[in-house]
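Keep the structure in view as you read.

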Amino acid sequence: MKKFFLIPAAFAAIFMAGAGGCAKNADYSEYISEKRYDVFLYGGDDAEIKIYCSEKESPYVADGIKGNINGLVEIYAKLGGDFEKVTVSSQSFEGGEMSYLTVRDCWYLSFSGTGFDSEQLTLTLEADGKQTEYSLLSVVTNSVMTCEQALECVKEHSQTLFAGLTENGIFNGEIFIRLLYDDKCYYYVGICDREGAITAFLVDGETGRIIAEREHRM
């Protein structure tokens, strides 16, 4: 026969205050192992181009432990027509030959680097010898919060989750934050424990409202 114990309200309040205190002493921004902080877009009849600017753990493993972080720039390009060779160049970065990703049906190039100071990027795609210039705009405006601010919204929303993973000011997990864009900005914030279980949140990029929450594994 199972026995159930009732915790006195006063004791429960002390316990929760203690857990909150442990969480309060931790700097959770130090445990971010993926941070996509900027996205540049171009959309037209001839092409769809995205540039993601991130800081990301390398090698990337969802194990609840933050590894070495490197700057990463990723370029995705969907082009109308079939091509044998596509290269990208820009005054803002070195560029090079792109690879075709069959699963995503697009051309891809990534390289180590930091983000761009400008709100607009100009690049040239050369597809089988034909060059076309494109201007991409950043989705980040003054009304869009930072990755760290989105994390703070999630922390306030799920204090019990953070308190349960925090011990003596140390966070036993890692955090993934990705800026998303679908007519407006959102943030994916994933909290990964040492078992690889992830509690994920979708955050409104302007208001900080938690739109959705779910659990999954990478």
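Q: How many aromatic pairs does the structure hold?
A: The structure, a predicted model, holds 12 aromatic pairs.

Q: Why is the aromatic pair of Tyr-28 and Phe-171 called edge-to-face?
A: The centres of Tyr-28 and Phe-171 are 5.1 Å apart. Ring centres within 6.5 Å make a pair. The angle between the two planes is 85°. Planes over 60 degrees apart count as edge-to-face. Therefore Tyr-28 and Phe-171 form an edge-to-face pair.

Q: What parts does the pair of Tyr-28 and Phe-171 tie together?
A: Tyr-28 lies in the loop between helix H1 (9-25) and S1, and Phe-171 lies in strand S11 (residues 170-171). These parts are 143 residues apart in sequence, so the pair ties together parts separated along the chain.

Q: Why is Tyr-28 called buried?
A: Tyr-28 has a relative accessible area of 4%. The limit for buried is under 20%. So Tyr-28 is buried.

Q: What makes Phe-171 buried?
A: The relative accessible area of Phe-171 is 0%. Under 20% counts as buried, so Phe-171 gets the label.

Q: Which residues have the most contacts inside the largest nonpolar core?
A: They are Leu-151, Ile-175, Tyr-187, Val-189 and Ile-191. The core has 29 residues. The elements giving it two or more residues include helix H2 (147-157), strand S12 (173-181) and strand S13 (185-193). A second, separate core has 22 residues, including Phe-40, Leu-121, Leu-125 and Tyr-134.

Q: What is Leu-151 in contact with, leaving aside its neighbours within four places in sequence?
A: Its contacts include Tyr-28, Ile-32, Phe-162 and Ile-175. Val-189 and Ile-191 are also among them.

Q: Why is S13 called largely enclosed by the rest of the structure?
A: Of its 9 residues, 8 are buried, so S13 is largely enclosed. Cys-192 is buried, with a relative accessible area of 0%.

Q: How do you know that S12 and S13 pair?
A: The two strands are joined by 9 bridges. Pairing needs at least two bridges. So S12 and S13 pair, and they run antiparallel. Tyr-181 has Cys-185 in S13 as its bridge partner. The two strands form a hairpin with 3 residues between them. In that turn, Asp-183 has a positive phi of about 70°.

Q: What makes S13 and S14 a pair?
A: There are 7 bridges between them, in the antiparallel sense. At least two are needed, so the strands pair. Gly-190 stands opposite Ala-200 in S14. S13 and S14 also form a hairpin with 3 residues between them. Gly-196 in the turn has a positive phi of about 85°.

Q: How do you know that the charged end of Arg-36 sits over the ring of Tyr-52?
A: The charged end of Arg-36 is 4.0 Å from the centre of that ring. The distance limit is within 6 Å, and the charge must also lie within 35 degrees of the ring normal. Arg-36 is recorded as sitting over the ring. Lys-56 lies over the face of Tyr-60, at 4.5 Å from the ring centre.

Q: How many disulfides does the count come to?
A: The count is 0 disulfides. A disulfide needs two cysteine sulfur atoms within 2.5 Å. Cys-53 is buried, with a relative accessible area of 0%.

Q: Why does Ser-90 count as buried?
A: Ser-90 has 16% relative accessibility. Buried means under 20%, so Ser-90 counts as buried. Its place is in the loop between strand S4 (86-89) and strand S5 (96-97). Leaving aside its neighbours within four places in sequence, Ser-90 is in contact with Thr-122 and Leu-123.

Methods
Residues numbered from 1 in each chain as written. Predicted model: local features only at pLDDT ≥ 70, side-chain atom pairs only at ≥ 80, totals over all residues. Heavy atoms only, no water. Core = buried A, V, L, I, M, F, W, Y, C linked by side-chain atoms within 4.5 Å. Buried < 20%, exposed > 50% of the residue type's maximum accessible area, 1.4 Å probe, protein only. Helix = DSSP H or I, 4+ residues; strand = E, 2+ residues; numbered from the N terminus. Contact = heavy atoms within 4.5 Å. Phe/Tyr/Trp six-rings, centres within 6.5 Å; stacked < 30°, edge-to-face > 60°.
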